[in-house]
Amino acid sequence: MVPVPVFVDVDLATANIDVSQLETALSPKTKAIMVAHTLGNPLTSRRSRPFCDKHSLWLVEDNCDALGSHVNGQLTGTFGDIGTSSFYPPHHMTMGEGGAVYTNDPLLRKIMLSLRDWGRGLLVR
């Protein structure tokens, strides 16, 4: 089965997702919500995490434009189950290519390490 993204509109003031539209975009096939802190504007709504918890969804944060930003004292990229940062040249941290993923979840960490190691990580750790 190929994942099919479902898009929601943005809040024009911040260019971040309009979280009030999450409920209407939800379907039985929904597995995760991916949010981006667009153009360095941290998504300040506290509704995305509770929404994901309520519906047993993964929350993935694209944090490359907001690296180092805080929302109510908490770093962006740490609200979700997975945070991502791209090292593409126009972003804050650049190395020409690549990126990083991060999590506090031990199972997700193991899966990420396994993907990095072409599946071997699940066998040896």
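The chat below goes over a predicted model of one chain.

Trainee: What should I know about the model before starting?
Mentor: It is predicted, so local features need pLDDT of at least 70 and side-chain atom pairs count only at pLDDT 80 or more, while totals for chains, interfaces and linings use all residues. Residues are numbered from 1 along each chain as its sequence is written, and side-chain values use heavy atoms, with hydrogens and water left out.

Trainee: How many helices and strands in the chain?
Mentor: Four helices and six strands, where helices (H or I, at least four residues) and strands (E, at least two) are DSSP runs numbered from the N terminus. The pattern along the sequence is α-β-α-β-β-β-β-β-α-α.

Trainee: And what does the C-alpha trace span along its principal axes?
Mentor: About 45 × 35 × 30 Å.

Trainee: Is C52 buried or exposed?
Mentor: Buried, at 0% relative accessibility. Buried means under 20% relative accessible area, exposed over 50%, and partly exposed in between (1.4 Å probe, protein chains only). C64 is also buried, at 8%.

Trainee: What share of the 125 residues counts as buried?
Mentor: 30%.

Trainee: Where does L67 sit?
Mentor: L67 is in the loop between strand 2 (58-62) and strand 3 (70-71). L67 is partly exposed, with a relative accessible area of 35%.
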